[in-house]
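Student: I have a structure to look at and some labels to go with it. Could we go through what the labels rest on?

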Amino acid sequence: MPDYTFSAPHKPLLQQGEKVVWPTEGVTLRYSADSLEEVAEIFHTTVENIKELNPDWQDNYSRNGGRYWDLKVQVEPYTVPENNVVTVTVNAPWVEGYYDRTEVSDVPASLDKQARAALASAYYFQYHWFGMHAGFMPFESVEGLPGWLQGYATDGAFYTKFSEFSSFLHTVYSDAWIDDMLNMDPAPFAEGESDTILTIDGDRGSNIAYCGHVFTEPELQPDGSLTFYQVVLTCESEDFAGWAEEETIVPDTATVTTVRLVPTENGWRVDALELPN
């Protein structure tokens with residue numbers, strides 16, 4: 001497993017630093033979901049109200065992804081929460097690439113130390129191996145593999161043995177999350193011969209309008225899980241010209257995504273988490 005260091009609790013700071021001004025006047029609140037009924041239930045409103053708030057709601061549906069994207073969910077401005085966070089540094093010293101060796105993430109301060117480590121590990125894994133980049137590097141190419149698999153991970157990769165990779169995943173994620181990832185079509189990773197890891201190799205871009213993210217306070221649910229929202233702040237103004245300008249940016253939109261941790265005999269495991277950008 002990687003090494004971890006934890007800061008003291010502190011007020012959240014937006015990830016773009018001095019380039020971003022805290023949105024004291026509130027922002028537009030948005031949410032993406034599989035159905036309008038889901039949105040209405042979560043935000044204690046009606047489907048009819050969601051449709052009124054989003055005259056273009058039908059255009060926001062992606063048949064490919066099967067979701068309604070970025071639906072406005074309330075009329076009044078949303079006040080961005082300022083709950084304390086802890087900064088967790090995750091370091092895997094055996095990883096060859098300097099950029100991929102370390103990740104620094106803020107997580108809710110009210111989580112216990114084990115939950116903080118699990119959530120920070122999930123951010124680390126998803127940023128470096130299952131998000132911005134997908135797949136382990138370095139790897140040795142192999143022809144004729146199924147799906148998008150390109151080859152098997154070699155020394156210097158995050159893991160080279162599938163058994164060790166599986167141990168990491170089961171220390172961080174719920175069984176359901178792991179099953180979903182490994183059984184995707186196409187799958188990002190697979191077990192190869194002699195305990196090797198078959199891997200894809202891909203990259204994606206990020207949202208240039210991303211200003212940072214904060215969290216609502218984790219709440220214990222009747223099923224024993226901890227659930228809260230990751231509040232992703234962006235600037236959707238037509239006047240936004242990117243980060244090369246000298247002017248500071250005030251986020252105007254917050255898109256919330258669900259974070260869920262489930263209890264096990266060995267501690268909390270991440271069951272739902274999307275990268276903020």
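This is a predicted model: local features need pLDDT of at least 70, side-chain atom pairs count only at pLDDT 80 or more; totals for chains, interfaces and linings use all residues.

Student: Why is Gln126 called buried?

Tutor: Buried means under 20% relative accessible area, exposed over 50%, partly exposed in between (1.4 Å probe, protein chains only). Gln126 has 4% relative accessibility, so Gln126 counts as buried.

Student: Which helix holds Gln126?

Tutor: Gln126 lies in helix H4, residues 113-128. Helices (H or I, at least four residues) and strands (E, at least two) are DSSP runs, numbered from the N terminus.

Student: What does Gln126 contact, leaving aside neighbours within four places in sequence?

Tutor: Contact means heavy atoms within 4.5 Å. Among the residues in contact with Gln126 are Tyr173, Trp177 and Leu273. The Gln126 side chain reaches the backbone oxygen of Leu273 at 3.1 Å.

Student: How do you know that S1 and S5 pair?

Tutor: Two strands pair if DSSP finds at least two bridges between them. S1 and strand S5 (residues 85-91) have four bridges, in the antiparallel sense.

Student: What makes S1 and S6 edge strands?

Tutor: The open sheet has three strands in the order S1-S5-S6, with antiparallel pairing. Strand S1 (3-6) and strand S6 (102-108) each pair on one side only.

Technical notes:
Residues are numbered from 1 along each chain as its sequence is written. Side-chain values use heavy atoms; hydrogens and water are left out. A polar contact is a pair of N or O atoms within 3.5 Å; within protein, one must be able to donate a hydrogen and the other to accept it, and residues adjacent in sequence count only if both atoms are side-chain atoms.
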